[in-house]
Amino acid sequence: MLFDHRGEPVRTGRAAVNGTKLHYRTAGSGPVVVLLHGVPKTGYHWRHLVPKLTARHTVVVPDLRGLGDSARPADGFDCATMSDDIAELMAHLGHESYTVMGEDWGAVVAYQLAARHRDHVRALVFAEALLPGFGFEDHTALTHENVSGGMFLWHLGFYFQPDVPEMLITGHERELITYMLKDERSYPDTATADAIDEYVRCYSMPGGIRSMLAIYRAMLVDAEQNRQAARTMLDIPVLALGGDAFIGERNETQMRLLAHDVTGHVFRAGHDLAEEVPDEVADVLLPFLADRLA
């Protein structure tokens with residue numbers, strides 16, 4: 001369960017949007033921020049950050065299409081379609097303008113949301129993600145540089161292969177999720193038992209692993225969508241956040257190819273900033289929201 005700054009449970013709901021049904025949580029009041037999680041996580045990823053935002057902001061925390069407690073449709077796992085899910089959800093909730101913060105695959109969806117729905121997105125926070133079409137694919141290669149630098153993303157090629165990952169992962173969701181979460185963090189103890197239990201619960205449900213893999217298998221489509229979107233630079237404020245032990249400064253480097261107004265910050269952390277260093281993230285995020293969106 002997620003709680004607001006007063007210790008009250010956040011509100012939850014489900015909405016039929018864009019041909020699927022999304023589960024979401026919401027709390028707080030003030031300017032709206034929507035938080036988009038990555039893989040292998042759910043909206044529960046934001047549990048530490050939500051109470052740091054709700055005193056001054058309305059927060060919306062969806063589970064992405066196919067993940068968490070959202071529906072698991074047969075298709076629509078490219079990031080443009082997933083961004084349209086979020087745009088329709090925000091319209092359904094009555095939010096005409098908002099900031100979007102995404103991490104990992106949620107950041108890729110967040111970029112597409114900002115690019116496709118420019119009249120509604122006031123600012124973008126892009127955390128710990130490599131963008132298909134802008135260098136992501138380079139890190140799938142078995143090279144000395146990738147291996148020695150800790151950025152050999154071996155699992156992308158594995159997940160892209162049909163059928164075999166499903167065969168090997170099913171029944172071993174806990175082992176895979178625990179390994180991925182702990183291996184990509186500077187502070188592996190922040191992958192707490194409650195979080196692992198929640199992620200395993202969701203990804204072990206019917207269609208959970210299929211949906212996760214479908215996101216990776218749409219990567220080449222995402223790359224073309226991102227290259228098309230990049231033809232028009234974003235003109236909103238962008239905050240690019242990285243962990244020095246994982247994607248780091250590359251977050252800012254990518255965003256400078258896609259937006260005019262980019263601020264970057266790198267934390268002493270790994271890949272999962274909102275779980276590893278939530279206080280430090282809030283210390284950077286809140287002034288950005290206050291200063292750039294006043």
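Helices H7 and H8 are oblique to each other, the class for angles that are neither under 35 degrees (roughly parallel), nor over 145 (roughly antiparallel), nor 65 to 115 (roughly perpendicular). The axes of H7 (residues 173-183) and H8 (residues 193-203) come within 10 Å and cross at roughly 130°; axes are lines fitted to C-alpha atoms, for helices over the stretch in contact, with angles from 0 to 180 degrees between N-to-C directions. Helices (H or I, at least four residues) are DSSP runs numbered from the N terminus. The model is predicted, with local features requiring pLDDT of at least 70 and side-chain atom pairs counted only at pLDDT 80 or more, whereas totals for chains, interfaces and linings use all residues. Residues are numbered from 1 along each chain as its sequence is written, and side-chain values use heavy atoms, with hydrogens and water left out.

Contact, defined as heavy atoms within 4.5 Å, involves Glu173, Arg174, Ile177, Thr178, Leu181 and Lys182 of H7 and Ile196, Asp197, Tyr199, Val200 and Tyr203 of H8. By class, six of these residues are nonpolar, one is polar and four are charged (Ala, Val, Leu, Ile, Met, Phe, Trp, Tyr, Cys and Pro count as nonpolar, Asp, Glu, Lys and Arg as charged, and the others, Gly among them, as polar).

Helix H2 (residues 79-92) packs against H3 at an angle of about 70°, with the axes 8 Å apart. H2 is therefore roughly perpendicular to H3. On the H2 side, the contact comprises Cys79, Ala80, Met82, Ser83, Asp84, Ile86 and Ala87, which meet Trp105, Val108, Val109, Gln112, Leu113 and Arg116 of H3. Nine nonpolar, two polar and two charged residues make up this contact.

Six aromatic pairs are found in the whole structure (ring centres of Phe, Tyr and Trp, the last by its six-membered ring, within 6.5 Å; planes under 30 degrees apart stacked, over 60 edge-to-face, the rest tilted). Trp105 and Tyr216 form an edge-to-face pair, at 5.4 Å centre to centre and 80° between the planes. Because Trp105 lies in H3 (residues 105-116) and Tyr216 in H9 (residues 208-217), this pair ties together parts 111 residues apart in sequence. Tyr159 and Tyr216 are likewise edge-to-face, at 4.8 Å and 70°, and link H5 (residues 154-160) to H9 across 57 residues. Trp105 and Tyr216 are buried, as is Tyr159 (buried: under 20% relative accessible area; exposed: over 50%; partly exposed: in between; 1.4 Å probe, protein chains only). Ring pairs join Trp105, Phe136, Trp154, Phe158, Tyr159 and Tyr216 into a cluster.

Methods:
Helices (H or I, at least four residues) and strands (E, at least two) are DSSP runs, numbered from the N terminus.
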